[in-house]
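User: Can you walk me through this structure? I'd like to start with the ligand site.

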Amino acid sequence: MKDLMKKLREQAVEAIHEAQDVETLESIRVKYLGKKGEMTSVLKKMGSLSAEERPAMGKLANEIKSEIEEELAQSRRTLEERMLQRRLESEAVDVTIPGSRIAIGHEHPMYSVLDKLKDIFVGMGFEILEGPEVELADYNFTKLNTPENHPAREWTDTFYFTEDSNILLRTQTSPMQIRAMEEKPLPIRMISPGRVYRKDEVDATHSPMFHQIEGMVIDKGVTMGDLKATLNLVVKQIYGENTVTRFRPHHFPFTEPSCELDIRCHKCGGKGCPTCKGEGWIELLGAGMVHPKVLRNCGIDPDVYSGWAFGMGLERLALGEYKINDLRLIYENDKRFLEQF
Ligand code: DAH
């Protein structure tokens, strides 16, 4: 019996020393000292001992029990200390590590171009108007002298909201000409930038949504000379004093006469290069004298007042200005792209 108890003590102490957590310690306690534990079942056999042997055995049993208990308590303290230490280490805050930077956005190249244009026009006394992207067909087309049978009104080109094709996503910023003429006192000098929508598939040069800037002057005695002088001034402020421009005849339903403005390629000086697609010239905008019918549609007497207008794509301007070769980059808002400008 004595040997058995000593063996149990050795086993228990060894197990306690090997235990790596308090749960294991607890199961060791149950195994050796619990009600159905090993020591208890040995002690139950005391009854079979002689009266002389019993006290010595009892004493030894108590010694061993308290020894195991002492070992358990000691191990528990060590393990708990170690656990606390580990937690302190894993949850420690290192105040010397540099903080993580807050990422700040970046001005969009197209908006840099727009801001520049706004500054130039505001400097010349133009006001900036904002108009609705959901527009009436009347304003987007009819009042702009673009009647029902005009190809630009095809449902394959335009996003309509209603069966009767009365409400649509504006295909151009030109309806702002009408809104300005209907709402503003004369004379008018205005620009109006914003989003426009057409049924185009996305590729390197097309997008179903893009941006335009519209401009218009209505006053007494306004001529094509004013149009040319003003637009030449704007172009020179953007592209430099020595920029060469050319006005080509064109057709728009809402202007008469109409023209397109090209600049001589600033990359190759007109010889032809990839930037101007070998043309030597870069098309910049459409413009013209506001059609007398359009003036009349807005209640303005074309015998007293005249005006000029222009419309320009903003993306194309930014692509040209910053030599960007894919329109999609303009919309992706990838900071690695934006931060280059
Ligand atoms: N709205 C025309 C377009 O989207 C551009 C344009 C041409 C606007 C001539 C004008 C203009 O104001 O006078 O193609």
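This is a predicted model: local features need pLDDT of at least 70, side-chain atom pairs count only at pLDDT 80 or more; totals for chains, interfaces and linings use all residues.

User: Which side chain has an N or O atom 2.8 Å from a ligand oxygen?

Analyst: That is Gln177. The side chain of Gln212 also has an N or O atom by a ligand oxygen, at 2.9 Å.

User: What about the backbone of Phe310?

Analyst: A backbone N or O atom of Phe310 sits 3.2 Å from an oxygen of the ligand.

User: How much of the ligand does the protein bury?

Analyst: The protein buries 89% of the 360 Å² that the ligand exposes when taken alone.

User: Switching to helices. How do helix 1 and helix 2 pack?

Analyst: Helix 1 covers residues 2-18 and helix 2 covers residues 22-33. Their axes are 10 Å apart, at an angle of about 170°.

User: Parallel or antiparallel, then?

Analyst: Roughly antiparallel, because angles over 145 degrees count that way.

User: Which residues meet there?

Analyst: From helix 1, Leu8, Gln11, Ala12, Ala15 and Ile16. They meet Leu25, Ile28 and Tyr32 of helix 2. By class, this contact has seven nonpolar residues, one polar and no charged.

User: And helix 1 against helix 4, at what angle do they cross?

Analyst: At roughly 5°, with the axes coming within 10 Å. Helix 4 spans residues 53-90. Angles under 35 degrees count as roughly parallel, so helix 1 is roughly parallel to helix 4.

User: Which residues make that contact?

Analyst: Helix 1 brings Lys2, Met5, Lys6, Arg9, Ala12, Val13, Ile16 and His17. Helix 4 brings Met57, Leu60, Ala61, Ile64, Glu67, Ile68, Glu71, Leu72 and Ser75.

User: How many of those are charged?

Analyst: Five are charged. The contact of helix 1 with helix 4 also has 10 nonpolar and two polar residues.

User: Now the backbone. Which residues does a cis peptide bond with omega of about -5° join?

Analyst: Leu186 and Pro187. Pro187 is in the loop between helix 7 (175-183) and strand 4 (188-197). The peptide bond from Glu256 to Pro257 is cis too, with omega near -5°.

User: Where is Pro257, in terms of elements?

Analyst: Pro257 is in strand 7, residues 255-264.

User: What is phi for Asn145?

Analyst: Phi of Asn145 is near 60°, which is positive, and this residue is not a glycine. Asn145 lies in the loop between helix 6 (137-140) and strand 3 (167-169).

User: And Ser165, positive or negative phi?

Analyst: Positive, about 60°, again in a residue that is not a glycine. Ser165 is in the loop between helix 6 and strand 3.

Technical notes: Residues are numbered from 1 along each chain as its sequence is written. Side-chain values use heavy atoms; hydrogens and water are left out. A polar contact is a pair of N or O atoms within 3.5 Å; within protein, one must be able to donate a hydrogen and the other to accept it, and residues adjacent in sequence count only if both atoms are side-chain atoms. Accessible areas come from the Shrake-Rupley method with a 1.4 Å probe; for residues, only the protein chains shown count as cover. Axes are lines fitted to C-alpha atoms, for helices over the stretch in contact, and angles run from 0 to 180 degrees between N-to-C directions. Helices (H or I, at least four residues) and strands (E, at least two) are DSSP runs, numbered from the N terminus. Angles under 35 degrees count as roughly parallel, over 145 as roughly antiparallel, 65 to 115 as roughly perpendicular and the rest as oblique. Contact means heavy atoms within 4.5 Å. Ala, Val, Leu, Ile, Met, Phe, Trp, Tyr, Cys and Pro count as nonpolar, Asp, Glu, Lys and Arg as charged, and the others, Gly among them, as polar.
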